[in-house]
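Okay, thanks for making time, everyone. Let me put the structure up, and then I'll walk through a few spots I'd like you to look at.

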There are 12 protein chains.
Amino acid sequence: MIHVVNGPNLNLLGKRETEIYGKTTLADIQRQLEDLAFCNSAEISFFQSNHEGEILDYLQKLTARDQVILNPGGLGHTSVALRDCISAIDSTVIEVHLSNIFARETFRRKSLISPVCKGVISGFGSDVYKIALNWLLERV
Amino acid sequence: MIHVVNGPNLNLLGKRETEIYGKTTLADIQRQLEDLAFCNSAEISFFQSNHEGEILDYLQKLTARDQVILNPGGLGHTSVALRDCISAIDSTVIEVHLSNIFARETFRRKSLISPVCKGVISGFGSDVYKIALNWLLERV
Amino acid sequence: MIHVVNGPNLNLLGKRETEIYGKTTLADIQRQLEDLAFCNSAEISFFQSNHEGEILDYLQKLTARDQVILNPGGLGHTSVALRDCISAIDSTVIEVHLSNIFARETFRRKSLISPVCKGVISGFGSDVYKIALNWLLERV
Amino acid sequence: MIHVVNGPNLNLLGKRETEIYGKTTLADIQRQLEDLAFCNSAEISFFQSNHEGEILDYLQKLTARDQVILNPGGLGHTSVALRDCISAIDSTVIEVHLSNIFARETFRRKSLISPVCKGVISGFGSDVYKIALNWLLERV
Amino acid sequence: MIHVVNGPNLNLLGKRETEIYGKTTLADIQRQLEDLAFCNSAEISFFQSNHEGEILDYLQKLTARDQVILNPGGLGHTSVALRDCISAIDSTVIEVHLSNIFARETFRRKSLISPVCKGVISGFGSDVYKIALNWLLERV
Amino acid sequence: MIHVVNGPNLNLLGKRETEIYGKTTLADIQRQLEDLAFCNSAEISFFQSNHEGEILDYLQKLTARDQVILNPGGLGHTSVALRDCISAIDSTVIEVHLSNIFARETFRRKSLISPVCKGVISGFGSDVYKIALNWLLERV
Amino acid sequence: MIHVVNGPNLNLLGKRETEIYGKTTLADIQRQLEDLAFCNSAEISFFQSNHEGEILDYLQKLTARDQVILNPGGLGHTSVALRDCISAIDSTVIEVHLSNIFARETFRRKSLISPVCKGVISGFGSDVYKIALNWLLERV
Amino acid sequence: MIHVVNGPNLNLLGKRETEIYGKTTLADIQRQLEDLAFCNSAEISFFQSNHEGEILDYLQKLTARDQVILNPGGLGHTSVALRDCISAIDSTVIEVHLSNIFARETFRRKSLISPVCKGVISGFGSDVYKIALNWLLERV
Amino acid sequence: MIHVVNGPNLNLLGKRETEIYGKTTLADIQRQLEDLAFCNSAEISFFQSNHEGEILDYLQKLTARDQVILNPGGLGHTSVALRDCISAIDSTVIEVHLSNIFARETFRRKSLISPVCKGVISGFGSDVYKIALNWLLERV
Amino acid sequence: MIHVVNGPNLNLLGKRETEIYGKTTLADIQRQLEDLAFCNSAEISFFQSNHEGEILDYLQKLTARDQVILNPGGLGHTSVALRDCISAIDSTVIEVHLSNIFARETFRRKSLISPVCKGVISGFGSDVYKIALNWLLERV
Amino acid sequence: MIHVVNGPNLNLLGKRETEIYGKTTLADIQRQLEDLAFCNSAEISFFQSNHEGEILDYLQKLTARDQVILNPGGLGHTSVALRDCISAIDSTVIEVHLSNIFARETFRRKSLISPVCKGVISGFGSDVYKIALNWLLERV
Amino acid sequence: MIHVVNGPNLNLLGKRETEIYGKTTLADIQRQLEDLAFCNSAEISFFQSNHEGEILDYLQKLTARDQVILNPGGLGHTSVALRDCISAIDSTVIEVHLSNIFARETFRRKSLISPVCKGVISGFGSDVYKIALNWLLERV
C-alpha cells in the first residue's frame, strides 16, 4: 500500500498563510491522490500528526511492500529518530516539500532524512505529492 | 483570551532544583496570573505539556484574538516545528524564560523561535510571566 | 519550448560507471522524452555540454515561453555564473539530479542554483527527467 | 536611583526611520518614565551618549543602591569594555532593545553584555523601558 | 528501583537490520536483565517509547532512590528537553548505546545528555545494558 | 591600451532584470567609454564572454603597457584560474562591480581576485566603468 | 554639502609609515579636494576624529541634502554603532579605503558598514577621495 | 592475555588532585584487577608510561589473542599515531576514562581513538577498569 | 598512451613570473618528456588548455589503456566537474603541482581532485612531470 | 619617556571586585612605578581613560624615544583602531594583563593588538606593570 | 648522506593490514633503496622510531649536506615540534606517504609539516621512497 | 628549587636560524640564570628534552616548593598530556616564549597550557627567562 505521511503543521495547509501556500487544504490533496490511486487500482493511506512519536509508531508498522510519500515538515531538519526509523524499515520513502527549501532560511537547507530516502522532490507546491505518487504508480 | 503555554519540564518548577529556581511552583504562578487577569477582567488559560505534539495541537487552535505567553523550555532551542506553528497562527506570541539564557551554555543562547515571536523576556525568574501578562493587559 | 540541458560529464551516462548509473544512455533518455513530448504535442530540445560557457550561451537565448529541465552536473555546486544566468532569464527552470545528492559527499549537498530554480528533483535515476517533463506538460 | 542609559544613535529615535521605529522620541519616553517614577515616589535619571567612554564614566559612578535600564544600541554587540564595566559595578542592570534583535541580522543576535545583566527585554518597541521600570519599581 | 528506559526505534531491535544489530530483541534483553536483577534481589522496571514526551513523563516521576539505564536512541543527539529533565531529577542516570557512536556519522558523536549523566557506555552491543546493571547492583 | 573585460551574463545588462540593473546596455556603456577615451586620446578595447577560458586567453595576451577594467561577474567568487591569470600578467587590473556586492548574499562578499587587483570599485551602477577609466586616464 | 569624514589614525597620514602610505598628508588631500570642489562650485567640509562618538555626533546632524565620503579607518571593521548611524541618516555615504583591504589581514576583509553604504572604493591610495568626489560632483 | 595500558599522568592517580580523583592509586587498581583476573584464571599485564612511543612499542607487540583496556590519558585527544597503532594491531581494545570526558572542556570531548576501539566506558571513576575487565572475562 | 594534461595558465610557464617559476617553458618540458618517452619506447601526448570544457572533452575520450599526468592549475581547487570526469574514466591519473601547494594560500591546500587520483606529487618545480612519467614508465 | 597607558575600567582597580583583583588601586601602582623609575633616573607618565579616542590621541603623540606599557582592558579584544595606532607609531609597546586572559572566556583569548606589540605579559596580577618596567629600564 | 626517516607504526609495514598496504616490509624497502643508492655511489641511512623525541634527536644532528626522505606517519598531522625541527635544520626534506592521504579521513588531509618540506609525494604505495630517492640522486 | 624546563628544539637555540633567534645559546641562558640565582641565594635546575615523556617524568617529580619556568616549544600547542601534568602538580608554572607567538602562524596562537599556568611571558627574546626568574625571586 502507498502511505502519505505528513508531519507537524501540515494540517494547517490551505487554512493559514494562504497567500504563501495557496488555498488547497490537506483534505483536497488527499481527495486528489485517492482519485489518482483509484484510477490506477492502487490503495492509498493518508496520515498526519503533530507528534513525532505517532509518526514513528506509524512508520514502524510498515513492511517492504509499503511505499511512503513523506512530508516531514519541520521534523526533517531536527529528528535523528525519524532518520533512524526510515533506515530501519524496508519501505521505499520519498521526501517531499511544498516549498523550495533551498531558497529559504539556512537551517531549512539541511535535511537529516534526505540521505536515507530514495529521493527528494521540493518546490512544486501541492503538486509534489502527485509527482511522487505518479512515480510510485509507474514503478509497480 | 490569553494563553500561558509551558513546555517540557516546567511542571517540575518549585519541586526540583529549588536552590536554583526557587520554591514557586507552576501552580503558584498560575494562581498569581489568574488573580492579575481577574482584576483586569481578562480571561486566562494555563497549559503545560512535556509533549511537543500536544503543544502544537494547542497552539494551532488559537486565532488572531488569542495572545500567548510561551515558555518553550528546551523546545525553543531545537524545534523547527514549534517555530513553523508560531509563524502559521495569527496570535501574538511572547517568549519568556525564567533564567537568563544568555548567561548559560552555548546551545541555550540560540532560540529558533525568537525570530517569529513578538518579543523576548528572559532572566527575571518567575516574574517573566507577570511582566508579559502586564504588557498584554495594557495593550488591550 | 521545453529544453533539456545537461552539464559536464552527462554525455558519459550509460557508458561509464554503469554499475552505479545503469546502462541507460543520454541518447536513450532523449528518445524517451521526445516520445513523451510528441504524445503531448509539445516540442522538446536536447542539449549537453562540458563547457560552462556554452550552457550559459544556450540559456541566455531563452524567453519566458521556454521551460528548462536542467541537470547541472558538477556545475551546480560551483558556478555562481550559472546561478546568475538562471536568475536573469525568465524561463521556469527545474533542477534534476540522477542520484540522491544528499546521500553523497558533503560538498555535493550544497547546490548554488537550487535557490533560484522552481524546484528540485533528486535521486530517482534517469526517471528524474520524465518526472520533470510530466509536471511541465501538465501545467501547460 | 534608577538610571535609564541609552547608547549610540538612540537620540535619533522618533526622528529618523520613523516607519520602522515609530514617532515616539527619546524625550517622549523620558517624560513617560518620569511620570511613572513620580507616581511611585521613585527618582529617575536619564542619559544618552554616542560615546562609549561617556557611558562607562557614567556607569562607573553608580553604587549597589542604583539600578540601571540599559539600551546599549550597537555597543552591546561589540564592547567588551561595557561588559567589564557592568561586571565591575554592583548595580542591577537590565538590558532592553526596542526591536526583536533575534529577528534581525546575524551579528545582532550575539550580545556581549547579556550574560552579565540581570535580564533581557527585547522587541516591544518603546514599551521595553516601561516594562523594565515597572519591574524595578515593584521589586523595591 | 532500577529503570531501563529506551528511546525511539529501540522496539525494532532484533527485528530489523539484524545483520547489523543481531537477533536479540528488546524482549530478550528485558528477560536477561530481569533474571540478573532477580538473582541480586533487585527490582527492575522496563520502558520503551517512541514519544519524547512519554519518556519525560516517565523520568520526572523518579526520585533519588531510583536509578536509570537510559538508551536515548536518536533523542540523545537532539533533545535539550531530555537533558533538562535528567538535570532536574535526582536519580543516577547511565547513558548506554549499542553501537560505538564515535565510529559513526558526525552528528551522532555529539550527545547532548552525556554531560549530565553519571557515565557513558558505548559499543558493546546489547551487553551495554548488562554492564550498566552490574555496576548499579554492585554499588548498592 | 585600456581593456574593458566583462565576465559571464554581463551581455544581458539592460535587457533582463531592468528593474534592478537599469536599462543601460553593455553596448551603451561601451559607447560612453569609447567617447571618453577618444576625448583623452586613449585607445580602448571592449570584450565580453560567458567562457572563463576565453577571458583567460584574452588576458594572457596583455603586457605591462595594457591596463584592464575587469567586471568578473560570477567568476570573481569562484575562479582560482582567473586569479592566477591576473597574478601572472603585468597589467594593472581594476575590479569593478555594478552592485554593492557587500550588501548581497554571503557568497558574493568573498572575491578571489580582489587581493591581486590594484583596487576595487563596487556599487555605483554602470558608473563603475567610467570611474575606473577616469582614474586610469589621469594616471597616464 | 559634501562631507569628507575620516576615522581613527587617518590624521597620521603622510607622517608615519610613509614607505607604505606615501607622503601625502590629510591636509594635502583636504586642499586638493577643496580645490576640486571649488572648481565645481561645490562646498566641502572636512572632518577627522579618533573618537567614534564624535564621528557619530557629526554624521547624525546631516540631512538628505548632504553627501558623505567616509574613510572609517579601523572602525569600519568593528563598529555596529557606525553602521546603525549610516542606516539612520538620509545622506548618501561612500566608503573609501586607501589600501586594498581585500589584500590584507583576514579581519580587514569584513566591513560592517559596506552593506549600508552606496558603494565602496578601495585600493587607489589617496586617489580614493578624488574618485569619490568626482562621482558625487557629476551626479549633482 | 589481558593488558591494562595507561597513558601519561595516570601514575599520579591517588597522589595528586585527590579531592577530584579519589585516593585510589594505580597500584591499588592493579591489585584489584589482578585479584579479579586470578579468580577467573585469567592472566593480566599492567603498564603505564608518560611516553607515547613506549605505549606504541608495547601495543605493537600484541596479537589477536591479546585484549587491551586502554586509558589513553591526554593522548586520546591528540595522537593520530596511537589511533593508527590500534587500527594496525588485531587485539580488541576498550577505551576507558575515569571522569566523564563529555562533561569537561570542549577539547576533551573529541577522542581520536574512539572510532577504532571496540567500545568506550567513561565516567565511573576507577570502576571503569573493573567494568571493562568483567566484560572481557565474560566473553572468553 | 601517456597523456600530459595542463590546465589554465600553464602555457605562461617560463614566460611570466620567471623569478618564481624559472625559465623552463611548457615547450621545454614537452621536449624533455618526449625524449624520455622515446628512450622507453613509449608514446606521449601533450595538451594544454585554459578551458575547463576542453580538458573534460579531452579526458573523456581516454580509455583504461591511457595514463594521465594532470597539472590542473587553478581548476584542481574549484572544479567538481573535473573530479567527476576523473572518477568516470578508467585511466590512471596522477596529480602534479610545480609549487608546494601546501606552503601557499589556504584555498590552495584543498584539492577537489586529489581523492580520485592515484597519487599526488607537489613542489619539485618542473621535475614533477618527469617524476610522474618515470613512475608510469617503470610500471608498464 | 616611559608611558603607562590604561584602558577602560582600570580606574576601578582595587575598588570593585577586590576579592578577584585585590585591593591595590591604580594609584598604588602608579606610586610604585614612579618610585622604581625614580631610582633608575627614568621619567614615567601615567594615563588612564575609558575613551578609546583619548587613548589614540595620547599614543599618536609619542615618538620613537617613548616606550609604552599598555593595559588595553577590553579594547584589546575589539579595537582595530588601537591596533592600527600601535602599528603607526614608532614606540616600543608592551601589552600587559593583570589576569591570565588565556584562562578566561573564549572571547578574551584573542587579542587584536598582540601581533603588533613587542611582547605580552599576562597573569601576574599588578606585578605585570613592574615586570614590564624593569625590562624597559634594563634595556636602556 | 641521504636519510630515510620513518615515524610511528611504519615498522609494522608488510606485517599488519597487508590487504591494504601489501606484503612489502620496511626491511624490503630498505634493501631496495640501499641497492639503488649503491648503484649511484650514494650513501644511505635508514631510521624508524615510534618516539617523536628520537626522530627529533635524529634530525637535529643533520647538516646542509644531508638530505631526508621523511614518512612522518601520524606525527605529520599533529606535531608542531616536528615542523619546528624541519624548519630549523638546513637539510632538504621530502615528505612521503604510502597511501593517498587526501582520499582518507578529514584529519589526515591537513599535514603540519608540508609547508616546511621541499615537496610532497603521496599515494604510490612503497614506491614513494624510490621516487623520492631517484629525484635526490639525479639532483646531485 | 626553581626549574627551567625547555621543550623540543630549544637545544638548537643560537645554533640554527640565528638571524631570527640571535646567537645566544641555551647554555648562555643557563649561565646567566645561574648567576642571577646565585646572587639571590636561590638554587636553579636546568632541563631540556625533545621527548614529551621525559618532560612529563621531570615535572611529575616536583612538589609545591618547586617553581617552574617552562618554555614548551611546539608542545604547548599540541600536548593535552602536558596540560594535564601541569594541572596535577602543585608547583607554580610560568609559560615563556622567545618570540611573540601572537604575531606568528595561526596554529601557534592557541596554547593548550596557558590556562593552567600562573602567567605567560611572550616575545622578549631570551630575556623571557630572566623576566620570569626575577619575578619568582622577588616573590620568595
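Quick definition before we start: when I say salt bridge, I'm talking about a side-chain nitrogen of Lys or Arg within 4 Å of a carboxyl oxygen of Asp or Glu. And keep in mind that this is a predicted model.

So, on that rule, how many salt bridges are there across the interface of chain C and chain F? Two. Take Arg83(C) and Glu105(F): their side chains meet in a salt bridge, with N to O at 3.5 Å. The interface of chain C and chain F also has 10 residue pairs in polar contact.

Which elements of chain C give two or more residues to the side that touches chain F? Those are helix H3, 52-60, and helix H4, 80-88. H4(C) brings the largest share, seven residues. If you sort that side of chain C by class, you get eight nonpolar, four polar and six charged residues.

Now the interface as a whole. On the chain C side, Gln60(C), Val80(C) and Ala88(C) supply 37% of the area buried against chain F, more than any other three residues. In terms of contacts, 18 residues of chain C touch 15 residues of chain F.

Let's stay in chain C but go to strand E1, residues 2-6. Is that strand buried or exposed? Five of its five residues are buried, so E1(C) is largely enclosed by the rest of the structure. Ile2(C), Val4(C) and Asn6(C) point one way, while His3(C) and Val5(C) point the other.

Last stop, chain D, for backbone angles. Most residues other than glycine have a negative phi. Glu17(D), though, has a positive phi of about 45°; it's in the loop between strand E1 and helix H1 of chain D, and is partly exposed at 24% relative accessibility. Ser41(D) also has a positive phi, near 55°. You'll find Ser41(D) in the loop between helix H2 and strand E2 of chain D, exposed, with a relative accessible area of 71%.

Notes:
Residues are numbered from 1 along each chain as its sequence is written. Chains are lettered from A and ligands numbered from 1 in the order in which they are written. This is a predicted model: local features need pLDDT of at least 70, side-chain atom pairs count only at pLDDT 80 or more; totals for chains, interfaces and linings use all residues. Side-chain values use heavy atoms; hydrogens and water are left out. Contact means heavy atoms within 4.5 Å. Buried area is the accessible area (1.4 Å probe) that two parts lose on being put together, summed over both. A polar contact is a pair of N or O atoms within 3.5 Å; within protein, one must be able to donate a hydrogen and the other to accept it, and residues adjacent in sequence count only if both atoms are side-chain atoms. Helices (H or I, at least four residues) and strands (E, at least two) are DSSP runs, numbered from the N terminus. Ala, Val, Leu, Ile, Met, Phe, Trp, Tyr, Cys and Pro count as nonpolar, Asp, Glu, Lys and Arg as charged, and the others, Gly among them, as polar. Buried means under 20% relative accessible area, exposed over 50%, partly exposed in between (1.4 Å probe, protein chains only).
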